[in-house]
Amino acid sequence: MTVSLYDVSVPVFTRMLTNLLSIMDKAEANAADRKFDTSVLSNARLAPDMIPFRGQIMIATDHVKGCVSRLAGHEVPSWPDTEETFDQLRTRIRKALDLLATTKREDFVDSATRQVTLKLGGNDVTMAGLDYLNQRALPNFYFHVTTAYAILRANGVPIGKRDYIG
């Protein structure tokens with residue numbers, strides 16, 4: 001049986017981004033209950049030298065758009081990183097979900113062997129699509145989604161593993 005890279009990327013990204021929207025809804029409700037503005041959460045971080053919640057969302061969605069575009073052989077869309085509020089971050093997540101919804105399985109034919117070139121540390125690095133997905137895109141995506149979850153959890157939002165997994 002052959003597994004398409006579409007099957008191990010698009011549904012995974014879709015599920016996790018959808019879960020992230022639900023987690024953000026819980027965070028917003030919790031902020032309202034506790035009577036503080038969600039901008040506190042947008043700018044929260046786990047450590048002083050880490051990227052804040054809003055940055056985690058931006059980077060996670062950047063990995064989604066970059067991954068599916070590169071694997072499909074399309075140009076990676078450019079999205080400015082200007083989101084600050086929960087509503088703006090939700091819009092960005094929905095934009096990524098819209099991109100996923102319009103990504104076609106047939107665009108992923110030969111994506112496992114398609115050469116993907118990234119700029120890493122100022123250098124061009126080329127790898128096969130399968131290696132890119134497994135070694136760069138998915139680990140980075142999960143890192144930033146998990147960190148976003150952890151920031152909210154560390155700030156008292158009552159979420160757990162079920163919310164993360166969906």
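This is a short chat about the helices H1, H3 and H5 and two residues, Asp62 and Asn30, in a predicted model.

Reader: Hi! Before we start, what should I know about the model and the numbering?
Author: Residues are numbered from 1 along each chain as its sequence is written, and side-chain values use heavy atoms, with hydrogens and water left out. The model is predicted, so to speak of local features needs pLDDT of at least 70, side-chain atom pairs count only at pLDDT 80 or more, and totals for chains, interfaces and linings use all residues.

Reader: Great. At what angle do H3 and H5 pack?
Author: Helix H3 (residues 53-72) and helix H5 (residues 129-154) pack at about 160°, and their axes are 9 Å apart. Helices here are DSSP runs (H or I, at least four residues), numbered from the N terminus. Axes are lines fitted to C-alpha atoms over the stretch in contact, and angles run from 0 to 180 degrees between N-to-C directions.

Reader: Parallel or antiparallel, then?
Author: H3 and H5 are roughly antiparallel to each other, a term for angles over 145 degrees.

Reader: Which residues in H3 and H5 meet?
Author: On the H3 side they include Phe53, Ile57, His63 and Arg70, and on the H5 side Tyr132, Phe141, His144 and Leu152. Contact means heavy atoms within 4.5 Å. The residues of this contact divide into 15 nonpolar, 7 polar and 1 charged. Ala, Val, Leu, Ile, Met, Phe, Trp, Tyr, Cys and Pro count as nonpolar, Asp, Glu, Lys and Arg as charged, and the others, Gly among them, as polar.

Reader: Switching to H1: what span should its 25 residues have?
Author: Helix H1 (residues 10-34) should span 36 Å at 1.5 Å a residue, and its end C-alpha atoms are 36 Å apart, which agrees. The expected span is 1.5 Å times one less than the number of residues.

Reader: And what do the buried residues of H1 pack against?
Author: They pack against helix H2 (39-42), H3, helix H4 (86-102), H5 and helix H6 (161-165). Among the buried ones are Phe13, Leu17, Met24 and Asn30. Buried means under 20% relative accessible area, exposed over 50%, and partly exposed in between (1.4 Å probe, protein chains only).

Reader: What does Asn30 touch?
Author: Not counting residues up to four places away in sequence, Asn30 touches Gly156, Val157 and Pro158. Its relative accessible area is 10%.

Reader: Last one: where is Asp62?
Author: Asp62 is in helix H3, and is partly exposed because its relative accessible area is 25%. Leaving out residues up to four places away in sequence, Asp62 touches Asp81 and Arg92.

Note on methods:
Angles under 35 degrees count as roughly parallel, over 145 as roughly antiparallel, 65 to 115 as roughly perpendicular and the rest as oblique.
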